Amino acid sequence: MTGEVIVNILTILFISLGVIFSLVTALGLVRLPDIYTRSHASSKSATLGVLGVLAGVFIYFWLAEGHFNSRLILAIVFLFITSPLSGHLIGRAAYVSGVQPAKETAHDDLKQVIAEKKRNM
Amino acid sequence: MSAQILLNFFLALVWMFLTVSFTPSTFIVGYFLGLLLLLGMRRFFPQRLYVLRIWAVISLVFLFLKELFLSSVSVFLLILKPRLDMQPAIFEYETVLRRDWEVTLLSSLITLTPGTLVLAVSDDQKKLYIHAIDAADIEEAVKSIKDTFEQAILEVSRS
């Protein structure tokens, strides 16, 4: 097996993994019942999806074209840092502004804390 | 920790001056010799050797990657299941971590673990409110995962 074939296989593997995860994220946004469960889908699978595509592009340009693009690595690191935080912030903003969780929700420890805080305000 | 790194750089510079060769490879050789010197003199430092802490950071990064992959796969399976029979819950978790960056790191890691999402941090930073996507079986498993995360973060921040 020549090197070119291995590079192509790696590239295809990473990019298709990223595309599949992005697709499932989009499906999850349609299927899941409330904003919190949707936030699960978007903060995890979407991160891995974009990461997969970026890693595939990085590998292709590095090994097939001989061009080491450090900006792609930086993009991967920045995504890693920011995407869980944005998931957290959207969930928190929704909860504090009073969006109700889905009716299947078993129990809710945060409810009385927020209620207490609103009373003291 | 930073004092030790600085000392190691300084020792590498001294090695470059001793050998009168100012190339990157001499610097690397000097750095390793300085590392050996620091290893021999570690009982004079108030903190542990900085290499151990760097190793802890690296293992934390690998833990992070592994958890991200596992959680994506579990969400994947959850979404593709024909019947959505999950039962979400919001529960309270008390953390032993105190410093700001530790709590931030822990909540990022929890957000990326399978089936959990941090919704809020209490004002005194002692409690995290976590949304779990399936209350039935995950809470126990999640506790053990977070113990490994907290342990890994403590391993990094231990002096």
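The model is predicted. In it, 36 residues of chain A are in contact with 39 residues of chain B, and the area buried between the two chains is about 3300 Å². Chain B contributes an open sheet of three strands, on which a helix of chain A packs.

**Interface between the chains**

- Of the area buried between chain A and chain B, about 3300 Å², carbon and sulfur atoms give 74%.
- Three residues, A:Arg31, A:His40 and A:Lys44, together supply 20% of the area that chain A buries against chain B, which is more than any other three residues supply.

- Sorted by class, the residues in the contact of helix 2 of chain A with helix 3 of chain B are seven nonpolar, four polar and one charged.

**Helix packing within chain A**

- Helix 1 (residues 3-31) and helix 2 (residues 35-64) of chain A pack at an angle of about 160°, with 8 Å between their axes; because angles over 145 degrees count as roughly antiparallel, helix 1 of chain A is roughly antiparallel to helix 2 of chain A.
- Helix 1 of chain A crosses helix 2 of chain A in a left-handed sense, and their contact has 19 nonpolar, 10 polar and one charged residues.

**The sheet of chain B and the helices on it**

- The three strands of the open sheet in chain B have the order 1-3-2, with antiparallel pairing; strand 1 (89-94) and strand 2 (116-121) are the edge strands, each pairing on one side only, and the twist from one strand to the next averages 35°.
- Strand 2 of chain B is joined by five bridges to strand 3 (residues 127-132) of chain B, the two running antiparallel, and B:Val118 stands opposite B:Ile130 of strand 3.
- Helix 3 (residues 70-96) of chain A packs on this sheet and touches strand 1 and strand 2 of chain B, its direction making about 60° with that of strand 2.
- Helix 4 (residues 100-111) of chain B also packs on the sheet, touching strand 2 and strand 3 of chain B, and its direction makes about 145° with that of strand 2 of chain B.

Definitions and conventions:
Residues numbered from 1 in each chain as written. Chains lettered and ligands numbered in written order. Predicted model: local features only at pLDDT ≥ 70, side-chain atom pairs only at ≥ 80, totals over all residues. Heavy atoms only, no water. Pairing = 2+ DSSP bridges. Helix = DSSP H or I, 4+ residues; strand = E, 2+ residues; numbered from the N terminus. Axes fitted to C-alpha atoms, helices over the stretch in contact; angles between N-to-C directions. Contact = heavy atoms within 4.5 Å. Parallel < 35°, antiparallel > 145°, perpendicular 65-115°, else oblique. Left-handed = near helix turned anticlockwise from the far one by under 90°. Nonpolar A, V, L, I, M, F, W, Y, C, P; charged D, E, K, R; others polar. Buried area = accessible area lost by both parts, 1.4 Å probe.
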